[in-house]
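The following report describes selected elements of a single protein chain and how they are placed against one another. Please read it alongside the sequence and the 3D structure.

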Amino acid sequence: MIISNSKNYVLVKTRKVGGTSVELKLCDSLEDGDISTYLKEHTGKTNFDRHVTELTTLRKPAIGRRPVRLSEHCPLTRAYRAFGRDLENHLVISIDRNPWDLAVSHYFWKTRRFYDAKALPIEEQRARFKKYALTYFARSWKRHLWGWYKHRELSHRDLYMIDGVSMVDHMLRYECLEEDMQALGDRIGLPGLSLEGVNAKRTTRPKKGRSYQDMYDKETRDHVARVAAWEIDAYGYDFEGHNTPRFEPDPRRHAVKDAWFTKQGV
């Protein structure tokens, strides 16, 4: 997550969508008073680490409330609880990706510490991916109550939603990332913003030549479609990847945000 008071935006970082590359690039323009969450493996590569320490000096919680700590993939509402209406008019930025493509990237990343999935024969990759998808991608009561493997859920829309309404003002589409970054740069006063030369976390998946569609059978494909039904409907994704995803900000977001602040008393 990045909170830029100098450029008036909040970046809600979702998983396996090129978010680390986006975060590192935006960190180049952070100024005093801006905040970015900690990424150990990238400390020292940008001016990013100048701003991390401010996370230890967040506002004290109201009486009877727990302290608020920000993390790399924390929800927007946590930032709102920490800083209240100071962020009310900040542009909300996030990133999304075709869920069938995202699911495959998710699998290779999350299993990298246990075995080298990309070295397995395609038949075994497909079988293990299916088992992983059916086990972890859907929401469950265990995750709702205890956060059990919540980081392995496929859909991350809750990170940028309040009461079922997306708060995103500017969505970076993974399939159009360079185009959308340039548009974002124009919007926040960073003309020419580009990800050229910034490539993070690109070593865990098989090299290009095999498509994500090769990892699916009908059951796994249908399962991802159910789990990510909201994203598929909202952004127009299709399994083949033929459609260019669309994005339109939800016109209800400002009213819902204001009602949430009032209810929370922050």
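Helices here are DSSP runs of H or I with at least four residues, and strands are runs of E with at least two, numbered from the N terminus. The model is predicted. In this numbering, helix α9 is followed by glycine 265, which has a positive phi near 70°.

**Helix α9**

Arg253, Val256, Lys257, Trp260 and Phe261 are the buried residues of α9. Viewed down the axis of α9, these buried residues lie within an arc of 135°, and therefore line one face of the helix. In an α-helix there are 3.6 residues a turn, so residues three or four places apart point the same way. The exposed residues Ala255, Thr262 and Lys263 are carried on the face of α9 turned away from its buried side. The cover over the buried residues of α9 includes α2 (76-83), β4 (91-96), β5 (161-162) and β6 (165-166).

**Helix α2**

Helix α2 is mostly covered, with six of its eight residues buried. These are Leu76, Thr77, Ala79, Tyr80, Ala82 and Phe83. The buried residues of α2 pack against β1 (2-4), β2, β3, β4, β5 and α9. Just after α2, glycine 84 adopts a positive phi of about 60°.

**The sheet**

An open sheet is formed by five strands in the order β3-β1-β2-β4-β7, with mixed pairing. Strands β3 (35-36) and β7 (170-173) stand at the edges and have a single partner strand each, so one side of each lacks a neighbour in the sheet. Helix α6 (residues 177-188) packs on this sheet, where α6 touches β2, β4 and β7; the direction of α6 makes about 155° with that of β7.

Strands of a sheet pair through backbone hydrogen bonds, either parallel or antiparallel.

| Strand pair | Bridges and direction | Residues standing opposite |
|---|---|---|
| β2 (residues 9-11) and β4 | Three bridges, parallel | Leucine 11 and isoleucine 93 |
| β4 and β7 | Four bridges, parallel | Serine 94 and methionine 171 |

Strand β4 is mostly covered, as six of its six residues are buried. Leu91, Ile93 and Ile95 point one way from β4, whereas Val92, Ser94 and Asp96 point the other way, and all are buried.

**Cysteines and threonine 20**

How many disulfides does a search of the whole structure find? The search finds zero. Cysteine 74 has a relative accessibility of 1% and therefore counts as buried, the cut-off being under 20% relative accessible area. Cysteine 176, with a relative accessible area of 12%, is likewise buried.

Threonine 20 is located in helix α1 (residues 19-27). Is threonine 20 buried or exposed? Threonine 20 is buried, because its relative accessible area is 5%. The C-alpha atom of threonine 20 is separated by 9.2 Å from that of valine 198, although the two residues are 178 residues apart along the chain.

Note on methods
Residues are numbered from 1 along each chain as its sequence is written. This is a predicted model: local features need pLDDT of at least 70, side-chain atom pairs count only at pLDDT 80 or more; totals for chains, interfaces and linings use all residues. Side-chain values use heavy atoms; hydrogens and water are left out. Buried means under 20% relative accessible area, exposed over 50%, partly exposed in between (1.4 Å probe, protein chains only). The arc is that of the directions from the helix axis to the C-beta atoms. Contact means heavy atoms within 4.5 Å. Two strands pair if DSSP finds at least two bridges between them. Axes are lines fitted to C-alpha atoms, for helices over the stretch in contact, and angles run from 0 to 180 degrees between N-to-C directions. A disulfide is a pair of cysteine sulfur atoms within 2.5 Å.
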